[in-house]
Amino acid sequence: MRAGAVIVAAGSGERLGAGGPKALVRVAGLPLVTWSVRALEEALEVEAIVIACPPGMERETAAAVGTHAQVHAIVPGSTSRQRSVARGLAALPGDLDAILVHDAARPLITPHVVSRLVARLAAEEAVIAAAPVPDTLKRADGQLHVEHTVDRTGLWGAQTPQAFRAPTLLGIFGDAGPEELDSATDCAGMAERRGVRVLLMDPGIPNPKVTTQADLRLVEALLGAGRIA
Ligand code: CTP
Ligand code: MG
């Protein structure tokens, strides 16, 4: 299967508070986004990668990421994650069988997981990295007192990459209006709304999203120790 990938890297990283875009923060010697570029380009199925970067930072992003044969374009992202995905999709080549959408904020992804996701598309329209929720879940009131415990049976945390047959994902975005592009938080959610069956695939590796400084310290330690296959 010939696959393309959109890496969304256009967020401002407010919760990280690094004073600049999160995707360009250096982690274990590389800009955060570069870890994902490397993993995706090493997956044999991935032919083209588009990076959606903070608007106006195309040149800084290109300089930070460096030269990679598979990086097809670096385009300005937009005001919401899903709008950034849409910009990225528009810049991919037109002849792909599969498209993966991945957060620059998840640098621990591996080529093996990418290939496993693409392989599942032989029998599925959509498959996403996800893990069963391990913690006991509490619903809180406004003062952080527990209201009740939430049953976690069947609850999974959605991650990225999220992989789709190309016509399916392009059809979804062709159909999406401004409200949905502002409110949806992942591509799978947009697929579910249209009745597309989405398969959950546990990547079997730690795949945290860098949101806070604590996350950054965690991934720095894991990447510094060598990527987990
Ligand atoms: N993203 C994007 N365009 C946006 C918002 C987010 O491309 N307008 C990307 C981010 O770069 C990130 C991923 O979507 O790779 C997940 O978003 P998140 O972790 O929330 O990153 P930020 O929005 O940058 O962080 P924050 O919400 O703390 O500002
Ligand atoms: Mg955000």
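Analyst: Strands pair if DSSP finds at least two bridges between them; strands are DSSP runs (E, at least two residues), numbered from the N terminus. This model is predicted: local features need pLDDT of at least 70, side-chain atom pairs 80 or more, while totals for chains, interfaces and linings use all residues. Residues are numbered from 1 along each chain, chains are lettered from A and ligands numbered from 1 as written, and side-chain values use heavy atoms, without hydrogens or water.

User: In what order do the 7 strands of the open sheet stand?
Analyst: The sheet is open and its pairing is mixed. Read across, the order is 5-4-1-6-10-7-11.

User: Why is one side of strand 5 and of strand 11 left without a neighbour in the sheet?
Analyst: Strand 5 covers 71-76 and strand 11 covers 198-201. Both stand at the edges, so each has a single partner strand.

User: Over how many bridges do strand 1 and strand 4 pair?
Analyst: Strand 1 spans residues 3-8, and strand 4 spans residues 46-53. Gly4 stands opposite Ala48 of strand 4. The two strands pair in the parallel sense, over 6 bridges.

User: Which residues come nearest to ligand 1?
Analyst: Around ligand 1 there are 18 residues, each with a heavy atom within 4 Å. The nearest are Val8, Gly13, Glu14, Ser84 and Lys209.

User: How far is a polar backbone atom of Val8 from an oxygen atom of ligand 1?
Analyst: A backbone N or O atom of Gly13 lies 2.8 Å from a ligand 1 oxygen. For Ala105, a polar backbone atom is 3.4 Å from a ligand oxygen. For Val8, the value is 2.8 Å.

User: How much of the area that ligand 1 exposes alone does the protein bury?
Analyst: Taken alone, ligand 1 exposes 570 Å² (Shrake-Rupley method, 1.4 Å probe). The protein buries 85%.

Methods:
Helices (H or I, at least four residues) and strands (E, at least two) are DSSP runs, numbered from the N terminus. A polar contact is a pair of N or O atoms within 3.5 Å; within protein, one must be able to donate a hydrogen and the other to accept it, and residues adjacent in sequence count only if both atoms are side-chain atoms.
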